[in-house]
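Biologist: I am new to this structure. Please pick one part, look at it closely, and then follow where it leads.

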Amino acid sequence: MSPPDQTQSFDALVQPDRVHRDVYLSESIFAQEQERLFGKAWLYVGHLSQVPRPGDYMTLDLAGQPVILVRATDESFRVFFNRCAHKGSMIVSERAGHTGRAFRCPYHSWTYRLDGTLLAVPAQGGYDGTQMRACETGRGLTEIASAHYRGFVFARLAASGPAFDAHCGAMFHAIDALVDRSPSGEVEVAGLPLRNIVPCNWKVYLENINDAMHANVTHESASMAAERVWSQAPAGVKKPMGIEILMPFGSDNDFLARMGGQVYANGHSIFGSNMSIHSCYSSLPDYETAMEKAYGEERTKHILSWVPQNSIVYPSVAFKSAPQTIRVIRPLAVDRTLIEVWAFRPKNAPDALLERTLLYNRIVFSPMSIVAHDDIHVFETIQKGLRTSGNPWVSLHRDYVAGEGDAPSMTTSGTNEILMRNQFRAWRQYMAAENAYAVQA
Amino acid sequence: MTTRPTNDAIAQFIYNEAALVDAGRYDEWLDLFADEAIYWLPLSAKQSDYRGEQSIACEDKMLLNVRIKRLKGPRAYSNQPPARCLHVLQAPAIEEADTKLNRFITRAPFFYVESRGDAQFFLAGRVLHRLRVENGVLRIVEKRVDLINADAALPPIFLFP
Ligand code: FES
Ligand SMILES: [Fe+2]
């Protein structure tokens, strides 16, 4: 890669129709992304169904910083840095739990109310006449800006920045598409998440979520195997859900183009804005009846007919409305990404709906996924392939038209790489805060 | 009423099952499963049902067959170079042997190593086999694999722990 003393501008790395390999390979750029991009963007935290009662909490890392989501009172929730105000010990270490009315630090037993304020300090006389209560220490747990839309909680690490609605509001209809699939208009997390370590840069993964043209190539092994097994099934057998999930991975390029795509400001996108490989799943009769009872025939038809492939709230989460599932993207290192996959149970819907989501996630998003294995193989080789000298560029040229980035939002073909270029436009905006960086070897 | 297979026959069956996977003899391995069998890796040892919650894997015989056919195909890029695995099993404890119900349940701690190219990783856990006798031979009705780190962020597991 480039010599250590070289300084380049992000504009030179991210051109309108191609990007320099350093954005995937440079540790220095990765460190700056953590600060400038993940430090400023609204990041997905969790779902309110994971913390139903006051005192319930869950923990996670955002851009390498441990945080806690806690239900404070029935209505309110808060997100704090998971760091004791005293000497920095983490307040809780379980991924989820219940803390009662207060948090108690395991180091010197300082306690905090659910709103983060300091409740008690042992032998507090020792602080009489000191600055402890007047400085940061006395303020208790540091809170982070947080907001939710229909139970999906997001947080922003930076103390100031755009409001959640302004920044992510364009994607709320994609969240509606998931939640409205519940006859009661409510969903809840079903079980634990599938957790994957993927050996690639987070952007390789995020671009792939919008990559129509890879599906029938990379996943040929899975769709062909499903087709072969299905062709040997005795006549008259109902097509099993697993086969129904696997075969459309072989959809042809014409179908993939007709799926449609939509890009929005701030890097957000919908791949499959017209239809998707999920559109052809067989209907579940009991479910449709329940939906019609709740929403009426017309609105039910409207809800069930819109099945985008992937809706990305850039840069941390991708929604599917059917199956009801999300993928959460957490960069760990320049070439290592954690992907968490959460399934959602639509309340008051027949079990078959959740069963399809669970099956889909096992087949497609699990560490044992026979679909993702071929993706992961390619992702890993990209990290290696990009190290070759000669051509430092990654192509994003497909269907590029000069000036396309001027419109904040546009609809296009499913195979247009504008869905990736749009991510890089947002990337450049985030990163350009100080428009230069020092490349590390 | 079935004839009770000896404890040794049950143990040999379980060792053979692992050996077939380790040798890559997947079709013979699949033949060990009963028609409605389930191969299940839950996300938690507490999980009592694969319905209603996520699992790392939960496959019927048909999906296992898809998995095997895929591995043999020329376009299974993740199997180039091919993954190899090795099971190291402790002697299985027989938890239940009910000839009336034709149900034999065993549990064994194991190590599982998977390698591909220069990379290698290992998993450890307990494997439960629910078996029955069909036409005089043992068949797997359920194979449940509880990894001790099932809830951890895992690398891709290419074969069959
Ligand atoms: S570090 Fe938490 S009480 Fe001392
Ligand atoms: Fe893929």
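Modeller: A:D176 is buried, at 19% relative accessible area. Buried means under 20%, exposed means over 50%, and partly exposed lies in between (1.4 Å probe, protein chains only). The model is a predicted one: local features need pLDDT of at least 70, side-chain atom pairs need 80 or more, totals for chains, interfaces and linings use all residues, and side-chain values use heavy atoms, without hydrogens or water. Residues count from 1 along each chain as its sequence is written, while chains are lettered from A and ligands numbered from 1 in the order in which they are written.

A:D176 belongs to a network of salt bridges with A:R150, A:D180 and A:R299. A salt bridge here is a side-chain nitrogen of Lys or Arg within 4 Å of a carboxyl oxygen of Asp or Glu. A:R150 and A:D176 meet in one, at 2.9 Å from N to O. A:R150 sits in the loop between β12 and β13 (152–156) of chain A, and A:D176 in helix α5 (residues 172–179), so the pair ties together parts 26 residues apart in sequence. Helices (H or I, at least four residues) and strands (E, at least two) are DSSP runs, numbered from the N terminus. A:R150 itself is partly exposed, at 30%.

Now to a pair that joins two chains. B:R75 lies in the loop between α3 (61–72) and β3 (84–89) of chain B, while A:E220 lies in helix α8 (residues 220–231) of chain A, so their pairing links the chains. The closest N and O atoms of this salt bridge are 2.6 Å apart. B:R75 is partly exposed at 38%. A:E220 is partly exposed too, at 22%.

That pair sits within a wider contact. Between chain A and chain B there are 3 salt bridges. The contact draws on 44 residues from chain A and 36 residues from chain B, where contact means heavy atoms within 4.5 Å. The two chains bury about 3,300 Å² between them, 63% of it on carbon and sulfur atoms. Buried area is the accessible area (1.4 Å probe) that two parts lose on being put together, summed over both.

Over all chains, the salt bridges come to 31. One of them joins A:R78 and A:E143, at 2.8 Å from N to O. The partners come from distant parts of the chain: A:R78 from strand β7 (residues 77–81) and A:E143 from strand β12 (residues 143–149), 65 residues apart. A:R78 counts as partly exposed, at 26%. A:E143 does as well, at 39%.

Next, the domains. Chain A splits into domain 1 (43–152) and domain 2 (190–431), with bounds from an automatic or database domain assignment. Their C-alpha centres lie 35 Å apart. Each gives 10 residues to the contact between them. About 790 Å² is buried there, 65% of it from carbon and sulfur atoms.

Strand β5 (residues 56–62) of chain A is mostly covered, with 6 of its 7 residues buried. Strands pair if DSSP finds at least two bridges between them. β5(A) runs antiparallel to strand β6 (residues 65–71), joined by 6 bridges. Within that pairing, A:M58 has A:L69 as its bridge partner. The hairpin has 2 residues between the strands, and A:A63 takes a positive phi near 50°. β5(A) also pairs with strand β8 (residues 96–98), antiparallel over 3 bridges.

Another sheet of chain A is open, with 3 strands in the order β2-β3-β22 and antiparallel pairing. β2 (14–15) and β22 (393–395) stand at the edges with a single partner strand each, so one side of each has no neighbour in the sheet. β3 (residues 18–20) and β22(A) share 3 bridges. A:H20 has A:W393 as its bridge partner.

Last, helix α13 (residues 351–365) of chain A. Of its 15 residues, 13 are buried, so the rest of the structure largely encloses α13(A). At 1.5 Å a residue, α13 should span 21 Å, and its end C-alpha atoms are 20 Å apart, which agrees. The expected span is 1.5 Å times one less than the number of residues.
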